[in-house]
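Dear colleague,

Please find below the structure that I am handing over to you, together with its sequence.

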Amino acid sequence: MRKFRRICIFCGSNKGTDPAFAEVARGIGEHLARSGIGVVYGGGKIGLMGEVADAALRAGGQVFGVIPQKLWDVEVGHDGLTELFVVDSMHARKMMMAQLSDAFVALPGGFGTLEELFEATTWMQLGYHRKPVGLVNAGGYYDHLLAFLDHAAAAGFVRASHRPLMLSAPDIVALLEMMAVVEIPHFSLGHAPPRL
Ligand code: AMP
């Protein structure tokens, strides 16, 4: 059974139209804090990102942000975190977020969230890391995406054996239970890729 010290959260820099999304984000921040799991995230104070971070901090948790200089300069960064790392680029940010974390969890979000979720999954299937990746399908937000991934597997573009590696659950408690036990194969492309 895996234990998680820090989990990387990908989520919207917007709050979405339904206030229920922000409520879910706050619940997740609080749950992680109460479980003694640190939050690693993009360092923003806006949208669901800010909701997760503030809720975790309020509940006494540790929150680590990693933000590119450019976003810090336009003052969307959170200045009340346990630690905020300001880095040079989006690439450096995603690498550092991955290195600091034992697992990746996406909440509802837009292009940025989707890109981060898919990159973490891609890195896993290439053997760059063996850390669980999953999404919280709050209010069915990701139903269409999950259906599309099944379609991509049926069409032969996502390997059937890789499809279950993007875990999904309706809430964080169920997702963490799945993540604790999921078996991640030793993926390799016939060489030894660097590990994160
Ligand atoms: P999106 O889903 O398009 O709102 O993008 C959110 C994701 O991209 C987060 O997980 C962040 O890592 C990153 N991101 C996008 N916009 C910002 C922002 N203004 N401040 C900090 N991070 C952001």
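**Cavity and pocket**

By the rule used here, the count comes to one cavity of 30 Å³ or more. On a 1 Å grid over the protein atoms alone, a cavity is a set of points where a 1.4 Å probe fits but cannot get out, whereas a pocket is an open set with protein on both sides within 12 Å along at least five of seven lines; lining residues have an atom within 4 Å of a point. Grid points are joined across faces, edges and corners, and a volume is the space filled by probe spheres set on the points.

Please note that this is a predicted model, in which local features need pLDDT of at least 70 and side-chain atom pairs count only at pLDDT 80 or more, while totals for chains, interfaces and linings use all residues. Residues are numbered from 1 along each chain as its sequence is written, and side-chain values use heavy atoms, with hydrogens and water left out.

The largest cavity has a volume of about 60 Å³. Its lining consists of Phe-10, Lys-94, Met-97, Ala-98, Phe-104, Glu-116, Glu-119, Ala-120 and Trp-123. Helix 4 and helix 5 are the elements that give two or more residues to this lining, and helix 5 gives the most, with four residues. Helices (H or I, at least four residues) and strands (E, at least two) are DSSP runs, numbered from the N terminus. By residue type, the lining of the largest cavity divides into six nonpolar, no polar and three charged. Here Ala, Val, Leu, Ile, Met, Phe, Trp, Tyr, Cys and Pro count as nonpolar, Asp, Glu, Lys and Arg as charged, and the others, Gly among them, as polar.

The largest pocket has a volume of about 470 Å³. It is lined by 30 residues, of which Cys-11, Gly-12, Ser-13, Met-49 and Gly-112 lie nearest its centre. Two or more lining residues come from each of strand 1 (6-10), helix 2 (47-58), helix 4 (90-100) and helix 5 (111-125). Helix 5 gives the most to this lining as well, with five residues. The residues lining the largest pocket divide into 16 nonpolar, 10 polar and four charged.

**Overall fold**

The protein chain has seven helices and seven strands, and from the N terminus on its elements run β-α-β-α-β-α-β-α-β-α-β-α-β-α. The radius of gyration is 16 Å, close to the 16 Å that the globule rule gives for 196 residues, so the chain is as compact as a globular protein of that length. That radius is taken over C-alpha atoms, and the globule rule is 2.2 Å times the number of residues to the power 0.38. Along its principal axes, the C-alpha trace spans about 45 × 35 × 30 Å.

Of the contacts (heavy atoms within 4.5 Å) with a separation of 6 or more, residues 24 or more positions apart account for 70%. Buried residues make up 49% of the 196 residues; buried means under 20% relative accessible area, exposed over 50%, and partly exposed in between (1.4 Å probe, protein chains only).

**Nonpolar core**

A nonpolar core is a set of buried Ala, Val, Leu, Ile, Met, Phe, Trp, Tyr and Cys residues joined through side-chain atoms within 4.5 Å. The largest one holds 59 residues, of which Ile-7, Ile-9, Val-105 and Leu-107 touch the most other members. Helix 1 (residues 19-34) supplies the largest share of this core, six residues. Leaving aside neighbours within four places in sequence, the contacts of Val-105 include Ile-7, Ile-9, Val-136 and Met-179.

**Individual residues**

- Ser-101 is found in the loop between helix 4 and strand 5 (103-106) and counts as buried at 1% relative accessibility. The C-alpha atoms of Ser-101 and Cys-8, 93 residues apart along the chain, are separated by 5.5 Å.
- Glu-75, in the loop between helix 3 (69-73) and strand 4 (83-87), has a positive phi of about 60° although it is not a glycine. Glu-75 is exposed, with a relative accessible area of 60%.
- Ala-180 is found in helix 7 (residues 172-181) and is buried, with a relative accessible area of 8%. Not counting residues up to four places away in sequence, Ala-180 touches Met-1, Arg-2 and Phe-4.

Yours sincerely
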